[in-house]
Amino acid sequence: MKAIGYSHPQPIEQNDALIDIELPTPQAKGRDILVKVQAVSVNPVDTKVRISASPEAGEYKVLGWDAVGEVIATGELVELFKVGDSVWYAGDITRSGSNAEYQLVDERIVGLKPRSLSNVEAAAMPLTAITAWELLFDRLDFMPAIQGDTEQSSHQVHKLSAPRKSILIMGAAGGVGSILTQLATNLTDATVIGTASRQQSQDWVKELGADHVINHHQPLMPQLADIGIESVTHVISLTHTDQHFDQLIEVLVPQGKLALIDDPKTTIDITKLKRKSLSLHWELMFTRSMFNTWDIKKQHELLTTVARLIDQGILKTTLGESYGTINAANLKRAHAHIESNKAVGKIVLEGF
C-alpha cells in the first residue's frame, strides 16, 4: 500500500523529512477494523512527533491522527461496525497513523462519519472534537445540553441548572479552539470569550459563536474589564500556556479551573494556584487509547454524538484549507503551515 513516512526525525525543510513509501497492507484481528483511508487532516501533534520520535531501526514511522474512510475488513471481535461503513476517528498515537492507504484502528475509538459532511469536511474534526469534548465534559465537568434523542451512554441529555459560568479560551481560532468554541457556545450556558490576534482569526472566532473575542498579545485583564467581565470561572489554554500563566491565574475567580493541552517550553509553577485554590486539568485525547482505559469506548460514543450534532446543524466543520492529494509533498506543505502558527481551522488532504 502507499504511505508517507520518515526514517529519522528532522526539520520539515529537509528533502526526506517526509517521503512516499510502500508498506504491506495490514490485516484486521480482534477489535480492529481495517479502514481504506479517504481523507486526513494534519494536527500540531503530527509536527511534534515528526521532529522528536524515531521509528524502530530499519522501519518507517507513519504519522496521521485524523481520518475518514471506509471499513473494508473487521476483526473477529468487532461489534460496532461492518464492511462498507463510512467512519471517522483520530486513532492511537502508539500505532501506525492514517497517512497510508489502509489503517488498522480499534473500533472503540471510531464513529460513523456525519452523513451531512463530505470526506474532506469530516476529516478536519475527529482529534479536535475529541479533545474539546473531553476538556469540557470530562476534565472540567460541564454537562452537555443536547436537544433531541441520544444514545444511552455517559453523554446523555442534561438540563442546565448551575449558575452561569464563563470560559476564556486561549487560542480559539486554531483546530481545537474552533470546535471547542462551538461546543461551549451551543452545549453550555457559559459566557464564551475566545482569544485571537489577527483580524482573520478574530472574525473566525466570532463566526463560530463566541460571545466576545480579545487579543492574547495584549494584557488580558483590561480587555476583560472593557467588555464588563471582572474574572472568569474557567480558562482553557490551548497554546503558549507558559507565556500567559500568571495572567491566567490573575483572571480566574477563586476556586476556578484551569485546563491545558499544550507542552509548556518552560516550567510552570503550580504553587501559584494555591492562594486561589485553583485546580489544574490536563487533557490528552490519546490517554484512553494509549492505556486501554476502562472507559475507552467513550470516544466512540462522543464521536457518535458529535456526528449527530453536525447532522442536526448545531455544529459545523472546522475545515480551513484543502491541500489536495495525500502525498509527501503536500503533507510537507501542511506541516510547514502548521509550524508557522498561522493556520485558521484545519488543513485536510484527500485521496491517494
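A: Helix H1 (44-52), helix H3 (126-139), helix H4 (175-187), helix H7 (241-251), helix H10 (328-339) and strand S16 (346-350) each bring at least two residues to the lining of the largest pocket. (Helices, H or I with at least four residues, and strands, E with at least two, are DSSP runs counted from the N terminus.) Keep in mind that this is a predicted model, where local features need pLDDT of at least 70 and side-chain atom pairs count only at pLDDT 80 or more, while totals for chains, interfaces and linings use all residues. Residues are numbered from 1 along each chain as its sequence is written, and side-chain values use heavy atoms, with hydrogens and water left out.

So what counts as a pocket? On a 1 Å grid over the protein atoms alone, it is an open set of points where a 1.4 Å probe fits, with protein on both sides within 12 Å along at least five of seven lines; lining residues have an atom within 4 Å of a point. The largest pocket holds about 1,500 Å³ of space, a volume being the space filled by probe spheres set on the points. Its lining takes in 50 residues, and the ones nearest the centre are Pro44, Lys48, Leu238, Thr239 and Asn341. H1 gives the most to this lining, with four residues. Sorted by type, the lining of the largest pocket has 21 nonpolar, 19 polar and ten charged residues. (Ala, Val, Leu, Ile, Met, Phe, Trp, Tyr, Cys and Pro count as nonpolar, Asp, Glu, Lys and Arg as charged, and the others, Gly among them, as polar.)

Pro126 sits in helix H3. With a relative accessible area of 0%, Pro126 counts as buried (buried is under 20%, exposed over 50%, partly exposed in between, with a 1.4 Å probe and protein chains only). Along the sequence, Pro126 and Gln299 are 173 residues apart, yet their C-alpha atoms are 9.7 Å from each other in space.

Arg139 and Glu283 join their side chains in a salt bridge, at 2.8 Å from N to O (a side-chain nitrogen of Lys or Arg within 4 Å of a carboxyl oxygen of Asp or Glu). Arg139 belongs to helix H3 and Glu283 to the loop between strand S14 (279-282) and H8, so this pair ties together parts that are 144 residues apart in sequence. Glu283 is buried, at 2% relative accessibility, whereas Arg139 is partly exposed, at 22%.

How many salt bridges are there in the whole structure? The search finds 14. Another of them pairs Arg31 with Glu107, with the closest N and O atoms 2.8 Å apart. Here, too, distant parts of the chain are linked: Arg31 lies in the loop between strand S2 (19-22) and strand S3 (32-42), and Glu107 in the loop between strand S7 (102-106) and strand S8 (110-112), 76 residues apart. Arg31 is partly exposed at 27% relative accessibility, while Glu107 is buried at 0%.

Then there's Lys316 with Glu207, whose side chains meet in a salt bridge at 2.8 Å, N to O. Lys316 is partly exposed at 32%, and Glu207 is exposed at 51%. Back at Arg139, salt bridges with shared partners join Glu134, Asp138, Arg139, Glu283, Arg288 and Asp295 into one network.

Helix H9 deserves a stop as well. Lys298 has its place in H9 and counts as buried, with a relative accessible area of 18%.

By type, the lining of the second largest pocket has four nonpolar, four polar and five charged residues.
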